[in-house]
Amino acid sequence: MVFKKWRHTRPFFGAILTVLSGLMILWVPLNLYLSTFLPGSVAVIGLLFGGLITLMGLMSFFLPSASKALGIIVIFLSILSVIGALGGFLFGTVFGIIGGALLTAWRMVPAEESAGTPSSDVPAQPAKTG
């Protein structure tokens with residue numbers, strides 16, 4: 001019950017997809033680690049972008065109010081990760097775009113709305129038709 005309440009106060013599924021995307025993007029340059037650190041290799045960019053995307057996903061757990069900006073940065077880095085890490089064989093790019101979109105679309109629900117009960121101070125008004 002506590003976990004469910006904690007999960008509803010932050011962009012949980014967007015953050016999970018973002019962390020998963022960052023790990024997929026990190027997987028390609030880490031498996032090529034012998035050639036990653038050679039001079040002129042662009043695989044270092046994959047390490048940088050994958051690490052940043054993973055960090056953004058973790059930050060969205062702890063800073064839910066900044067999820068909109070984090071989501072935009074995640075979408076941008078996911079698209080650019082195709083350059084250095086093949087975007088985690090494009091699965092990381094797709095998951096990053098979806099996770100960034102979920103982070104961007106998430107909004108904090110006020111406590112009154114999340115309780116699900118209408119407030120008794122406001123009288124109910126009939127719906128206008130026509």
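This is a predicted model: local features need pLDDT of at least 70, side-chain atom pairs count only at pLDDT 80 or more; totals for chains, interfaces and linings use all residues.
1. The structure holds seven aromatic pairs. In one of them, the ring centres of Phe 3 and Phe 12 lie 5.6 Å apart and the planes stand at 85 degrees, so this pair is edge-to-face, given that angles over 60 degrees are classed in that way.

2. The two partners of this pair can also be described by their accessibility: Phe 12 is buried, with a relative accessible area of 16%, whereas Phe 3, at 49%, counts as partly exposed, because exposed residues are those over 50%.

3. Phe 12 also pairs with Trp 6, with the ring centres 6.3 Å apart and the planes at 75 degrees, so that this pair, too, is edge-to-face. Trp 6 has a relative accessible area of 33% and is therefore partly exposed.

4. These residues belong to one aromatic cluster, which is formed by Phe 3, Trp 6, Phe 12, Phe 13 and Phe 61.

5. Phe 12 and Phe 13 are also among the residues that line the second largest pocket, where they are joined by Arg 7, His 8, Arg 10, Pro 11, Gly 14, Leu 102 and Trp 106. The volume of this pocket is about 160 Å³.

Conventions: Residues are numbered from 1 along each chain as its sequence is written. Side-chain values use heavy atoms; hydrogens and water are left out. Rings of Phe, Tyr and Trp (its six-membered ring) pair if their centres lie within 6.5 Å; planes under 30 degrees apart count as stacked, over 60 as edge-to-face and the rest as tilted. Buried means under 20% relative accessible area, exposed over 50%, partly exposed in between (1.4 Å probe, protein chains only). On a 1 Å grid over the protein atoms alone, a cavity is a set of points where a 1.4 Å probe fits but cannot get out, and a pocket is an open set with protein on both sides within 12 Å along at least five of seven lines; lining residues have an atom within 4 Å of a point. Grid points are joined across faces, edges and corners, and a volume is the space filled by probe spheres set on the points.
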